[in-house]
Amino acid sequence: MTTILHGNLIHTPAFGKLETIHGGYLVLEDGVIQGVYRVLPEQYAACPAEDYGEGLIMPSFADLHLHAPQYPMLGMGMDLPLLDWLDTYTFRTEARFEDTAYARRVYRALARELIACGTTRVAMFSSRHTDATLVLMEELERAGVTGYVGKVNMDRNGGPVQETTEDSVAETLRWLEGCRFAHIKPILTPRFTPSCTNELMAELGKLALERGLPVQSHLSENDGEVAWVKALHPDCGQYWETYQKYGLWKSGALMAHCVHSGRREQEAMAEAGVWAVHCAASNVNLCSGTAPVRELLERGVHVALGSDIAGGDQLAMNKVVVMSIRASKIKRMETGAAFLTVPEAYYLGSAAGHLYFGGGAGFQAGHLLHAVVVDDSAMPEPTRELTLAERFERAVYLMDRRHIKAVYSEGIERLRQIPGPEKR
């Protein structure tokens, strides 16, 4: 079925490049983009159209690092450093997800809020609990969110959510057997090196190889964590080698933070095709530092953005984009590195993540539509008529769920499917 979206089209087809079309047309065939037009071709004149008027039609967001069971603790423990924060708040919160009924309530609300905020693709950590992880995957699928979810593995230094090595492996296998979802796929998730024994890391590396599974974890987030890893693995010169020696350092692996990744670690990422996921809000909230995003990009490392809730305090990815810009300006003041522009940061929070999942950068023909429609008419009235580029910048900084009028995931409009009270 051919459908047409009409409105102001804004996208970033390449890093640092912004394209705008006033009153443009997106032509879809069964949700797949056929083309972007300034003037609608005659052959489509009789096709049904969704007219968004002066609305801004932009690619949706992709959040490549967040912790689903930490959703209930947003905004808590923000005065603590990383390791103290984990012990005081995080592990205790995650322990609640032994209760699948509780998990269902939390994860249904999370999935709906993701869509309401315009996030349609994710790479997400669950807890160690197999049944709750399957509930999470089901609720994301139901809401229209796509991407990866991982059952967390941690057989040491995990407090009330620690597993035995045997249980961690057995439950990972049981979880993989239960993954039967169309749009939410499994990703192996050793929490981070200090929480996984050598035996567990080796078993996960075998699974990654034998089943061709992707991997996500944390890397060089905090000075204390880096020192801890060195003490646990004195044979490894750098943090990244603790993943490499077990087969977990592979193309497409997602490594969150990379705040303290030096030149050699960055080069190793580029050589292996490992992605860095920049989590600016969390890095600042937990006093971990400011990641060298420009340096990573210049060395050829793929970079995307993550909300990293609940170390990060905002689930809405436009706020994550803005925080990434601010963090880059802090880096500019420290080192002189060029800060991220709005189109560059939006690309990292949107197009980069879509590319990771095999989608297109911007509104690229041949890919299912992932888009958000923003009504900026209720924002403060400007003193003059704004260009589309200016309206785009203002929307990135100011929009919230009140301004999001439609969200397309896999070519289907999802926002109208959210029940009334939880839609806004």
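Let's start with a charge meeting a ring: the charged end of Lys329 sits over the ring of Phe339, 5.0 Å from its centre. Elsewhere, Arg96 lies over the face of Tyr102, at 3.9 Å from the ring centre. Keep in mind that this is a predicted model. Below is a short tour of its aromatic rings and one of its sheets.

**Aromatic rings**

- The count of aromatic pairs comes to 13.
- Tyr148 and Tyr356 are an edge-to-face pair, because their planes stand at 85 degrees, with the ring centres 6.2 Å apart.
- Tyr148 belongs to strand 7 (residues 146–150) and Tyr356 to helix 13 (residues 351–356), so this pair ties together parts that are 208 residues apart in sequence.
- Tyr356 also pairs with Trp275: the ring centres are 5.0 Å apart and the planes are at 80 degrees, so this pair is edge-to-face.
- Since Trp275 lies in strand 13 (residues 275–278) and Tyr356 in helix 13, the parts tied together here are 81 residues apart in sequence.
- Tyr356 is buried, at 15% relative accessible area, and Trp275 is buried too, at 10%.
- One aromatic cluster is formed by Tyr148, Trp275, Tyr356 and Phe357.

**The open sheet**

- Strands of a sheet pair through backbone hydrogen bonds, either parallel or antiparallel.
- Here, four strands line up in the order 5-6-7-9 as an open sheet with parallel pairing.
- Strand 5 (61–67) and strand 9 (184–186) each have a single partner strand, so one side of each is left without a neighbour in the sheet.
- Five bridges join strand 5 and strand 6 (residues 119–125) in the parallel sense, and Phe61 has Thr119 in strand 6 as its bridge partner.
- Helix 2 (residues 100–116) packs on the sheet, touching strand 5 and strand 6.

How values were computed:
Residues numbered from 1 in each chain as written. Predicted model: local features only at pLDDT ≥ 70, side-chain atom pairs only at ≥ 80, totals over all residues. Heavy atoms only, no water. Pairing = 2+ DSSP bridges. Helix = DSSP H or I, 4+ residues; strand = E, 2+ residues; numbered from the N terminus. Contact = heavy atoms within 4.5 Å. Axes fitted to C-alpha atoms, helices over the stretch in contact; angles between N-to-C directions. Phe/Tyr/Trp six-rings, centres within 6.5 Å; stacked < 30°, edge-to-face > 60°. Buried < 20%, exposed > 50% of the residue type's maximum accessible area, 1.4 Å probe, protein only. Lys NZ or Arg CZ within 6 Å of the ring centre and 35° of its normal.
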